[in-house]
Amino acid sequence: MGTMITGGMLVVIVALIIRSMIRSKKAGKSLHCDCKHCGKHCS
């Protein structure tokens, strides 16, 4: 029973993280380097 609760909590947390990343991407924010600000070192 405890394993199922822990697994369910993990699934919910991962889903919230993915949803947050998708919303950030749609809002124009990104997790990677913006090359115009870092001198193209991220390529």
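Biologist: What does the accessible surface of the chain come to?

Modeller: Accessible areas come from the Shrake-Rupley method with a 1.4 Å probe, and for residues only the protein chains shown count as cover. Here the chain has about 4200 Å², with 69% belonging to carbon and sulfur atoms. This is a predicted model: local features need pLDDT of at least 70, side-chain atom pairs count only at pLDDT 80 or more, and totals for chains, interfaces and linings use all residues. Residues are numbered from 1 along each chain as its sequence is written, and side-chain values use heavy atoms, leaving out hydrogens and water.

Biologist: Where is Met 21 found?

Modeller: Helices are DSSP runs of H or I, at least four residues, numbered from the N terminus. Met 21 belongs to helix H1, residues 2-26. After H1 comes Gly 28, with a positive phi near 95°.

Technical notes:
Helix = DSSP H or I, 4+ residues; strand = E, 2+ residues; numbered from the N terminus.
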